[in-house]
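This report looks at model confidence, then at one helix pair, and finally at a covalent link. The sequence and structure come first.

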Amino acid sequence: MPISIEIIRVFYPTYDYRQRPTLEQLRDGKRTAPVSSVTEDLLAEDLKDSPDEEAGIKKSTTSVLKFGWIQGVLIRCLLNIFGVMLFLRLTWVTGQAGIGLASVVVLLSAFVTTITTMSMSAICTNGEVQGGGAYYMISRSLGPEFGGSIGVVFALANAIAAAMYVVGFAETVRDIMWEYGAFITGDSLHEVRIIGCATSVLLIGIVIIGMEWEAKAQLGLLVILIAAIVNFFVGTFIPPTDEQKSKGVVGYRYDVFSENLGPDFRNGESFFSVFSIFFPAATGILAGANISGDLKNPQAAIPKGTFLAIFLTTVIYLGMVWAAGGCLLRDAVGPVLFSAGNASTIVIPPTNMSNISSTESILQILPITVDSISNCDVNNGTCDYGLMNDNSIVGTASAFRPLILAGIFSATLSSALASLVGAPKVFQALGKDKLFPYLEFFSKSYGVNGEPRRGYLLAFVICLAMTCIGALDVIAPIISNFFLMAYALINFSCFRASVADSPGFRPAFKYYNQWISLLGSLACVAVMFLINWWAALVTFVVVALLYTYIKTKGPDVNWGSSAQAQAYRTALTTTLKLVNVEEHVKNFRPQILVMSGYPRNRPALMDFVSSITKKQSLLISGHIFTGLMSDHVQHLRSNAAYKWMNNRNIKAFYNSVVAPTFRIGTQVLMQISLCDKNAPNNTNQNFTRNMDAFDLKFGVGILRVPEGFDVNRVPDDLIDASEENETDDEYDADSEEEVFVE
């Protein structure tokens, strides 16, 4: 029966429950912890648990705010996917690509996000998902190098996405103000910047107030957004007015549908440039994962909420593409200014000719037909309305235009809120992991919910800077590459974990496939280069530089990544292949078992033997404890020897055994080291007392050092304070040391 920490706490109240009791302690019924040795005090740093383990032991008694799958994932994903593109750019995508290719754009985005969600679901249902969302999943799967580099990129992408949504909101406000003759500066770009900066300040204030208030605001915005979508579909079935017809809203017509079915790329646009503008609309799938630390059950909530959000949004996006393509013209002249002499009149082509007075100064009267409305020559060769020219045509086609404006405000502001909440969470997770020197400042938590207020300010500054660009079509392709890179690594994380075949990778979500994940990863990379090859290269260079920095820094973390599992599998497979490899003198390597004891006590001996192997062949450092196993069980599992050898740049294995005598221990070490082709063929031991090396056909050579190799006699974490007076069986500083080589 497994022994839990709670049982240990009850029966062994004074025992350090971070270290499980030995079998002897359980058998004898000892209820007191062993007396601390001098070594434990001196080397407490080596034995101390990591901060993550200590945090796992502590249980908070304070009630914190946690969300379910609907409010925490579904609503956030819906609001983030139904962002600025829904009302302001989807009609433009339909006009450029046509109904057919626009549907392909939507389905391709859904394909990429669905595969990514499958991979994400497999990873997040494999274990506990803490704060940090995509960064946490990638870093714990691929390791700190990939996780840290993509974490920075992903956090920046979220902060920049907030700016994109704010700019979309500002464009709509500017158009409304100009429609009613209200101006701030009169310059289109400057007004977007001013409105956007003011909006960013308002949003960051809402976010800082708290997650609970922000969640309530999201629910209200979703209701408005749904009403606006319904309002558009209802409006397309209402017979259009004369003014609507002049602006390109002609109702459902077969000839309009046929005309809009194919593509009509203009101004240098192509399928992938249009895709790059639309794709940020699909990036909202990580809105729920970004606050994984605030979910009640992220393993169940993230897959359920995200898949449902992708399905609903894809259906609605396709519905709006087909509705817009079936009843809206690509180009429309709108109300045209006609002039005759000094008189001028704005004429909307009438349906009732009797309403036109013969005394009116009219240059021409146009009948309302699709050809006349889309004839841009009437207006000096330009059309200001229609799918290609009017980003607000959704409001024109709707049943009640103010509700569409409310929907635009809801979609843009809700998406901006979600991004401003998600980015600081990633910054906070990066700071807690201490992968980058300056991000640790943003790891501080505030309140019972651990709010990253410093991260909020960092995201606000980035959002404000990008808002000053003031152009939605410039910002969108930037974040497309960042999000595609994150998606590619999420898919690759699932593929790598599956291929490594680690027993620790057993996700509860079964509807994934490693090859589909690989396909998703390659598709994301391909789309990055098809959208903009130089921007993709820049993204790869940024990630590579961050990866190199973390790799060089070598953070002291152990997250059980798939890279570790793959390294073991590769080593095991290669070792098994060696069984069938025949030996040859040209491939001979000296493989040495050195009876060094604890390596730090005999550094010169280790250096000498290492100079023989030269990091190109096997070197095993053997350490023999004499006595009972119960006296040394804690020391047998120590990794301190590896730390010392790494610091001294010695590539070797360390193996320790407990035996009644030194000779028996030597025999045990030599026998357990015989692992087929990787078995030592040389040994170092006290030759005058032990002839067993010859029996096992080890090569023998003798090195005599009168003063001995012992340098350090201070007990370390492998030698208790009670062992300061070692017997001759263990080692003798004045004895000769023999090194046996072939």
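The predictor's confidence in each residue is given as pLDDT, on a scale from 0 to 100. In this predicted model, local features need pLDDT of at least 70 and side-chain atom pairs count only at pLDDT 80 or more, while totals for chains, interfaces and linings use all residues. Residues are numbered from 1 along each chain as its sequence is written, and side-chain values use heavy atoms, with hydrogens and water left out.

The protein has an average pLDDT of 77, and 77% of its residues score at least 70. Helices (DSSP runs of H or I, at least four residues) and strands (runs of E, at least two) are numbered from the N terminus.

| Residues | pLDDT | Contacts beyond four places in sequence |
|---|---|---|
| 30-62 | under 50 | 41 contacts |
| 716-742 | under 50 | 95 contacts |

Where pLDDT is low, the predicted coordinates should not be read in detail. By element, mean confidence is lowest in strand β7 (residues 739-740), at 38, and highest in helix α14 (residues 254-261), at 92.

Helix α9 (residues 134-142) and helix α10 (residues 144-179) have axes, lines fitted to C-alpha atoms over the stretch in contact with angles from 0 to 180 degrees between N-to-C directions, that come within 7 Å and cross at roughly 165°. The two helices α9 and α10 are therefore roughly antiparallel, a label for angles over 145 degrees. Residues making the contact include Y135 and I138 of α9 and F146 and F154 of α10.

The structure holds one disulfide, a pair of cysteine sulfur atoms within 2.5 Å. This disulfide joins C376 to C383, with S to S 1.8 Å, and the link is left-handed, with -115° about the S-S bond.

Notes:
Contact means heavy atoms within 4.5 Å. Angles under 35 degrees count as roughly parallel, over 145 as roughly antiparallel, 65 to 115 as roughly perpendicular and the rest as oblique.
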